[in-house]
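Please look through the sequence and the structure before reading on.

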Amino acid sequence: QVQLEESGGGLMQAGGSLRLSCAASRRTFSTDVMGWFRQAPGKEREFVSAITWSGESDYTDSVKGRFAISRDNFKNTVTLQMNSLKPEDTAIYYCAAGRHLKRTAGAYEYWGQGTQVTVSS
C-alpha cells in the first residue's frame with residue numbers, strides 16, 4: 001500500500017498563485033507516475049497534470065502555461081505550482097500515483113484525500 005498526503009491549497013484571488021504538494025509514503029513501481037486530478041462541484045474528476053519518474057510530464061490544455069509540475073524522486077514528492085489562477089480552477093485537487101502516464105483516473109492506483117482550491121473573482 002502507498003499513502004499519499006497532500007498539502008497546500010486554500011483560497012486565492014484570480015491571478016494569484018498557489019502550490020500543492022503531495023508526499024508518497026514509499027517508492028514503488030506504482031509511484032512511477034505521480035499527478036493531479038481535480039473535481040469541481042457537479043462535475044466529473046478531470047486530469048490536470050502528471051509526471052513520470054524520469055521527468056516526462058503532461059498537462060491538460062486549460063492549465064498549460066499556467067501550472068508547472070515537478071517531483072523530487074529522493075523525497076517521493078510531487079509539486080504543482082499553479083499561477084495565474086482563474087475562478088474555473090476552483091475544485092478539490094487530488095494527488096494520484098500509478099504506473100503509466102495517462103489522463104484517465106482509472107490508470108492510477110493510489111489517491112490522496114484531496115485538498116480544496118478556491119479562486120475568487
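Which residue in S6 is the bridge partner of Ser49? The bridge partner of Ser49 is Tyr59. The model described here is a predicted one.

Strand S6 covers residues 57–59 and pairs with S5 in the antiparallel sense, over 3 bridges. S5 and S6 form a hairpin with 4 residues between the strands. Within this hairpin, Gly55 has a positive phi near 100°.

S5 is also joined to S4, by 6 bridges, and these two strands run antiparallel. Of the 7 residues of S5, 6 are buried, so the strand is largely enclosed by the rest of the structure.

## The open sheet

Four strands make up an open sheet in the order S1-S3-S8-S7, and their pairing is antiparallel. S1 (4–8) and S7 stand at the edges; each has a single partner strand, so one side of each has no neighbour in the sheet. On average, neighbouring strands of this sheet are turned by 15° against each other, direction ignored.

The pairing of S1 with S3 is antiparallel and extends over 5 bridges. Here Glu6 has Cys22, in S3, as its bridge partner.

## The nonpolar cores

In soluble globular proteins, nonpolar side chains tend to be buried together. In this model, the largest nonpolar core has 26 residues. Those that touch the most other members are Leu4, Trp36, Leu80, Met82 and Tyr93. The elements giving two or more residues to this core are S3 (18–24), S4 (33–39), S5 (46–52), S7 (67–72), S8 (77–82), S9 (91–98) and S11 (115–120). A second, separate core has 6 residues, including Val33, Phe37, Phe47 and Tyr108.

What is Leu4 in contact with, leaving aside its neighbours within four places in sequence? Its contacts include Cys22, Ala23 and Ala24. Leu4 is also in contact with Met34, Cys95, Ala96 and Ala97. Tyr110, Trp111 and Gly112 complete the list for Leu4.

Terms used:
Residues are numbered from 1 along each chain as its sequence is written. This is a predicted model: local features need pLDDT of at least 70, side-chain atom pairs count only at pLDDT 80 or more; totals for chains, interfaces and linings use all residues. Side-chain values use heavy atoms; hydrogens and water are left out. A nonpolar core is a set of buried Ala, Val, Leu, Ile, Met, Phe, Trp, Tyr and Cys residues joined through side-chain atoms within 4.5 Å. Buried means under 20% relative accessible area, exposed over 50%, partly exposed in between (1.4 Å probe, protein chains only). Contact means heavy atoms within 4.5 Å. Two strands pair if DSSP finds at least two bridges between them. Axes are lines fitted to C-alpha atoms, for helices over the stretch in contact, and angles run from 0 to 180 degrees between N-to-C directions.
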